[in-house]
Amino acid sequence: MQKELRLNLRQHIKSISYSFYIVWWKDAESYATWRDLKDVLKERPPLCISSGWLISEDAERLVLVSDFNFNKKFPPEICDAGNTTIIPKGMVIKKQKVFIK
């Protein structure tokens, strides 16, 4: 059973045609309260880190997904994607490919 599970997992990973990335990016932030102007001027955009399968990238944005589910065919095919993050390209600081065996 364990060997069969390992082989099955390998087939699922092989069926993913996307690369896995870690992306560092700056996000917008807002406050709906009154604040001292000196404090507001000190603020900087927060740094975020996201990771996932890079399923799309163009001049405007990149799209990461964290999850896939598969059909029951062999070899397996991706049916759906979950936990989507769409990051505007102008906010990306760095992206790094993660190699998965």
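Tutor: Happy to! Keep in mind that this is a predicted model. Let's begin with Cys-79, which counts as partly exposed because its relative accessibility is 42%, between the 20% and 50% cut-offs.

Student: And Cys-48, is that one buried or exposed?

Tutor: Cys-48 is buried, because its relative accessible area of 17% is under 20%.

Student: How many disulfides are there?

Tutor: The count comes to zero disulfides. In general, a disulfide is a covalent bond between the sulfur atoms of two cysteines.

Student: Okay, what does Asn-71 touch?

Tutor: Leaving out residues up to four places away in sequence, Asn-71 touches Cys-79, along with Pro-76 and Glu-77. You'll find Asn-71 in the loop between E3 and strand E4 (78-88).

Student: Is Asn-71 buried or exposed?

Tutor: Buried: Asn-71 has a relative accessible area of 17%.

Student: Let's go inside. Which residues make up the largest nonpolar core?

Tutor: Eight residues do: Tyr-21, Val-23, Trp-25, Cys-48, Leu-54, Leu-62, Leu-64 and Ile-87. Two or more residues come from each of strand E1 (19-26), strand E2 (47-57) and strand E3 (61-70).

Student: Which of those gives the most?

Tutor: E1 does, with three residues in this core. There is also another core apart from it, with five residues, among them Ile-16, Phe-20, Val-65 and Phe-68.

Student: Back to Leu-64. What is it in contact with?

Tutor: Setting aside neighbours within four places in sequence, the contacts of Leu-64 include Tyr-21, Val-23, Leu-54 and Ile-87. Ser-50, Gly-52 and Thr-84 are also among the contacts of Leu-64.

Student: New topic: where does Val-92 lie?

Tutor: Val-92 lies in strand E5 (residues 92-98). With a relative accessible area of 22%, Val-92 is partly exposed, because that value is not under the 20% cut-off for buried.

Student: Last one: which residues make the nonpolar surface patch?

Tutor: Leu-37, Val-40 and Leu-41 make that patch, which covers about 310 Å². Val-40 lies in helix H2 (residues 37-42).

How values were computed
Residues numbered from 1 in each chain as written. Predicted model: local features only at pLDDT ≥ 70, side-chain atom pairs only at ≥ 80, totals over all residues. Heavy atoms only, no water. Core = buried A, V, L, I, M, F, W, Y, C linked by side-chain atoms within 4.5 Å. Buried < 20%, exposed > 50% of the residue type's maximum accessible area, 1.4 Å probe, protein only. Helix = DSSP H or I, 4+ residues; strand = E, 2+ residues; numbered from the N terminus. Contact = heavy atoms within 4.5 Å. Disulfide = S-S within 2.5 Å. Patch = residues over 30% accessible without salt bridge, like charges linked within 9 Å, V, L, I, M, F, W, Y side chains within 5 Å. Areas by Shrake-Rupley, 256 points an atom, 1.4 Å probe, with all protein chains shown as cover. Salt bridge = Lys/Arg side-chain N within 4 Å of Asp/Glu carboxyl O.
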